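Dear colleague,

Please find below the structure that I am handing over to you, together with its sequence. My notes on what was found in it follow directly after.

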Amino acid sequence: MLMAGSSLGKWLDEGTIPPMHDASRTDDCKTWTTPPAPGGPCIGAGDRVVRYGDGVFVTLGIRDGVLLDAERQLERLRRAADRLGLVPPPLFDDPDDAPYVAAALLEDLGADDRARGTARLQWHAGSGPRGFGRDDVIAGAILDLGPAPGARRPALVVLDEAEAPPPALPRLKTCSALAHVTAARAARALGADDGVRTVDGVVLETPSANLFWLDRGVLRTPAADLPLYAGSVRERVIECALDAGLPVEEGEYAPDDLADVDALLLTNAARGVELAASLDGRVLPEPSGLALALVDAVAARRLAGGIPLGGR
């Protein structure tokens, strides 16, 4: 049940909940958006998100009908939107209600209590004048529901900065993702599933995941103040490691520091925690009990702290 007086509840009571547009691209992928301009398409070719990538987004994992890390992710989205001068869409204007609104909309898109999947919530600047400058605007919203990614043990390569430069705003998940596309293409060209970005000889992240490694009983990760996106699952990994008495060290590390690690972990909202199979062609050891226990602990904590689809 949604709490009384919630944003979505008021829309429902008034019969004015924004309708679903482009509701079904495939049987597995569905999209809801805020209403388009009168007489216009949902997203026009002249919209700023198309022209300039003028928007921000978060990815939300769904497991067993629970929206994972929704409160943290919606707060991240709100901070990023504020940085770009995007006022939250009216349906998401209440910070306390916003995660439950997202959960209710996903249920309306067809997710249920057995669902595993991936959602992406994007706030964007909509239509506007040509040119880069604009005032603060009320954002439009796009919410996608798609299938969960399959399990994998990815092969990684370390990429040179010339192959994979960092994005212009590395600490924000903006809709301008060409830096990530470039990095992913460079990794694939080298026969790998994913690439580790570097800057000035310092290891950062992959295009879509934060990086951890186990090294002689210590969990290490690039520091959050480096030019990278420190995601919500990264926070969960650090919390669970510290709770288990596993030392965690954040810092600046060179690619050579990854040469003899016991395990290499990737973290993002859609996949949770993955264990890499290889790095630069070197096969990594089979996951230890410590690594597997950390993966399980993070998954359990995310599930326990999630929001059931359909709201409160």
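How many bridges join strand E8 to E17, and do these strands run parallel or antiparallel? Two bridges join strand E8 (residues 155–158) to E17, and the two strands run parallel. I return to this pair below, after some remarks on the model.

This is a predicted model, in which local features need pLDDT of at least 70 and side-chain atom pairs count only at pLDDT 80 or more, while totals for chains, interfaces and linings use all residues. Residues are numbered from 1 along each chain as its sequence is written, and side-chain values use heavy atoms, with hydrogens and water left out.

**Confidence and overall features**

The average pLDDT (the predictor's confidence in each residue, from 0 to 100) is 87 for the protein chain, and 86% of the residues score at least 70. Over residues 20–26 pLDDT stays under 50, and the model has 18 contacts beyond four places in sequence for them; a contact means heavy atoms within 4.5 Å. Where pLDDT is low, the predicted coordinates should not be read in detail.

The protein chain holds seven helices and 19 strands. These are DSSP runs numbered from the N terminus, with at least four residues for helices (H or I) and at least two for strands (E). Of the 312 residues in the protein chain, 50% are buried, where buried means under 20% relative accessible area, exposed over 50%, and partly exposed in between (1.4 Å probe, protein chains only). Among contacts between residues at least 6 apart in sequence, 72% join residues at least 24 apart.

**The sheet of six strands**

An open sheet of six strands has antiparallel pairing and the order E1-E7-E5-E2-E3-E19; two strands pair if DSSP finds at least two bridges between them. Strand E1 (30–33) and strand E19 (307–308) stand at the edges with a single partner strand each, so one side of each is left without a neighbour in the sheet. Within the sheet, eight bridges pair E2 with strand E5 (residues 117–124) in the antiparallel sense, and Gly117 in E5 is the bridge partner of Ile62. Helix H4 (residues 98–108) packs on this sheet, where it touches E1, E2, E3, E5, strand E7 (140–147) and E19. The direction of H4 makes about 55° with that of E7; axes are lines fitted to C-alpha atoms, for helices over the stretch in contact, and angles run from 0 to 180 degrees between N-to-C directions.

Among the buried residues are Tyr100, Leu105 and Leu106. After H4 comes Gly110, with a positive phi near 120°.

E8 and E17 belong to an open sheet of four strands, with mixed pairing and the order E9-E8-E17-E18. Its edge strands, E9 (194–196) and E18 (282–283), each pair on one side only. In E17, Leu279 is the bridge partner of Leu156. Ser278 is also found in strand E17 (residues 278–279), and it is buried, with a relative accessible area of 13%. Beyond its neighbours within four places in sequence, Ser278 is in contact with Pro154, Ala155, Leu156, Val283 and Leu284.

**Two residues with positive phi**

Most residues other than glycine have a negative phi. Asp64 has a positive phi, near 50°, and is found in the loop between strand E2 (55–63) and strand E3 (66–67). Asp69 also has a positive value, near 55°, and lies in the loop between E3 and helix H3 (70–83). Asp64 is partly exposed, with a relative accessible area of 39%, whereas Asp69 is buried at 2%.

With kind regards
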